[in-house]
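Hi,

Here is the structure I promised to pass on.

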Number of protein chains: 2
Amino acid sequence: MYHFADRLIAAIRRCRNPVLVGLDPRADSLPQGVQAARPDDLQSVADAYRTFCRGVIDVVAALVPIVKPQAAFFEELGPAGMVALADVIRHAHARGLLVLLDGKRNDIGSTATAYARGYLGAPPASPWGADALTVSPYLGDDSLEPFVDVARQRGAGVFVLVKTSNPGGKQFQDLSADGRPLYQHVAALVENLASQTRGDGGYGAVGAVTGATYPQQLAELRGLMPHSWFLVPGYGAQGGTARDVAGAFDAQGLGAIVNSSRAIIFAHSRKEYRERFGDARWQEAVEAATRDMIAELGSETPAAKLN
Amino acid sequence: MYHFADRLIAAIRRCRNPVLVGLDPRADSLPQGVQAARPDDLQSVADAYRTFCRGVIDVVAALVPIVKPQAAFFEELGPAGMVALADVIRHAHARGLLVLLDGKRNDIGSTATAYARGYLGAPPASPWGADALTVSPYLGDDSLEPFVDVARQRGAGVFVLVKTSNPGGKQFQDLSADGRPLYQHVAALVENLASQTRGDGGYGAVGAVTGATYPQQLAELRGLMPHSWFLVPGYGAQGGTARDVAGAFDAQGLGAIVNSSRAIIFAHSRKEYRERFGDARWQEAVEAATRDMIAELGSETPAAKLN
């Protein structure tokens with residue numbers, strides 16, 4: 001059971017849900033008890049991010065299959081943040097979670113190989129040790145292949161941006177070329193790479209990032225990309241609902257992991273959870289928000305089949 | 001003289017050339033004298049990269065205006081590499097060089113802001129302290145604006161991938177939409193952002209990455225993008241010649257920085273320099289290769305006007 005998609009399927013079946021908890025620490029959103037002692041000191045903020053993310057992981061590890069640290073928030077803190085990021089990834093693995101690092105990296109061939117070797121696979125081959133990485137497609141097929149090669153060798157996964165959830169994503173992704181939008185051209189490349197790297201469960205080592213804010217395109221892409229796992233951002237804080245993401249799943253309730261970040265990790269500041277748990281019991285708020293999202297997906301989408 | 005493009009123009013006029021030396025350390029290409037003591041130990045390799053890049057910087061600081069560390073090669077080494085990267089950037093600044101970090105980052109709005117704050121501007125506002133950063137455009141205008149905002153506030157620059165030098169760059173970048181290739185759509189956005197952020201010299205805080213391997217498109221884009229500085233990769237090792245990049249410059253010999261990485265930093269392994277300097281005098285090989293590239297651009301392109 002070495003192939004990334006097969007490991008993902010096993011984890012989803014074990015947890016009976018496809019929830020991907022995003023670890024997006026932000027200094028001004030942390031619960032009071034874990035805020036940085038010295039907010040102007042990068043090491044102190046990095047320590048707070050480490051403590052907070054470990055606290056989230058300790059709660060969600062019993063509930064969900066996979067977490068997604070957002071590299072940007074750690075990189076913002078300089079080298080101290082990167083040390084904390086590596087520690088957060090290690091802690092998630094120690095708690096049995098899969099880790100998808102959201103870094104949206106890419107470059108031309110030999111440089112892309114350096115990113116792939118650095119981030120993908122288990123230590124010591126990879127110092128960061130992520131199970132999967134998000135990647136940007138603008139540089140074309142020869143920039144994606146090094147990631148696919150390393151992913152295949154190391155049982156890791158790659159998620160390529162196809163149709164993103166932000167309003168400006170339309171600007172280039174929806175431009176029509178040869179009768180179809182750019183994102184479908186990217187989707188065709190991704191599906192081709194996925195088909196070439198299939199595991200026992202039928203899904204490839206390469207998947208697609210496809211936003212929850214475009215329900216119709218999600219269903220359309222599901223049809224066009226039968227071997228591609230979908231990472232679906234935009235749920236919750238960005239407005240996507242369980243019904244919106246239903247089309248991302250296959251008939252067995254597989255094929256998609258649905259991401260929520262702020263709405264789960266900062267649940268202590270959402271009215272419904274703040275009233276129940278206050279700021280001090282923020283981990284209970286994380287747990288309740290995670291359970292609520294699992295229930296929503298389990299009643300409104302084909303993920304119900306996982307139960 | 002705070003604006004990035006104005007600082008770049010001043011540095012180019014002082015050095016009388018537009019050469020951008022790429023710092024792309026690779027463990028198996030380093031001169032013998034600076035190779036890692038323990039090649040399997042990431043800290044040892046990171047120490048070697050630090051020593052090597054500082055050695056390159058010590059030579060080229062007297063010759064060129066700007067250097068470009070490639071983030072991927074440092075990230076490949078995990079946190080130890082990131083600490084070395086920060087040190088390399090500091091050393092380049094201490095020697096009076098501008099620093100363009102090649103990280104090809106991007107994400108949706110608030111996450112893009114984290115990247116921008118982390119990488120752009122002088123310390124302590126930015127822990128990494130780069131003067132400029134490369135950015136990928138697939139996510140659209142609202143993903144670029146956070147970089148532009150932070151760049152404007154901090155006197156930094158942003159270089160957006162427009163037409164890349166790798167063979168696969170064509171795959172999406174040349175797709176025709178509404179009668180023109182995708183890269184021209186991206187170019188129009190970049191020029192618009194550049195025009196809105198002009199400094200005293202007429203160039204904006206936003207520029208474009210446009211490969212040397214497409215000489216005709218370089219000249220065409222120069223015409224379409226009068227306020228956008230060009231970062232031109234692909235010179236030397238990737239096959240671009242001085243004549244190929246001539247079209248990237250404006251009539252004053254400004255408007256483009258031309259990157260060479262391997263052909264300069266690993267000059268000790270190129271026949272013509274190896275015969276003159278051997279492996280031990282690798283820094284003299286770096287100096288000679290840099291001077292040769294300066295001379296080529298100074299005779300075959302409008303950069304001659306800088307003399």
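Two residues count as in contact if their C-beta atoms, placed from the backbone, lie within 7 Å. Helices (H or I, at least four residues) and strands (E, at least two) are DSSP runs, numbered from the N terminus. This is a predicted model, where local features need pLDDT of at least 70 and side-chain atom pairs count only at pLDDT 80 or more, while totals for chains, interfaces and linings use all residues. Residues are numbered from 1 along each chain as its sequence is written, with chains lettered from A and ligands numbered from 1 in the order in which they are written.

Helix 1 of chain B (residues 4-15) first. Its buried residues (20 or more other C-beta atoms within 10 Å of their own, again placed from the backbone) are Phe4(B), Ala5(B), Arg7(B), Leu8(B), Ile9(B) and Ile12(B). They pack against helix 6 and strands 2, 3, 4, 5 and 9 of chain B. Just past the end of this helix, Arg16(B) has a positive phi of about 60°.

Now the two chains together: 47 residues of chain B touch 47 of chain A. On the chain B side, helix 5 gives the largest share, with six residues. By class, that side has 23 nonpolar, 16 polar and eight charged residues (nonpolar is Ala, Val, Leu, Ile, Met, Phe, Trp, Tyr, Cys and Pro; charged is Asp, Glu, Lys and Arg; the others, Gly among them, are polar).

Over in chain A, helix 5 meets helix 6 through residues including Ala112(A) and Ala116(A) on one side and Pro146(A) and Phe147(A) on the other. That contact has five nonpolar, three polar and two charged residues.

Cheers

Conventions
A residue is buried if 20 or more other C-beta atoms lie within 10 Å of its own, exposed if 12 or fewer, and partly exposed in between; C-beta atoms are placed from the backbone.
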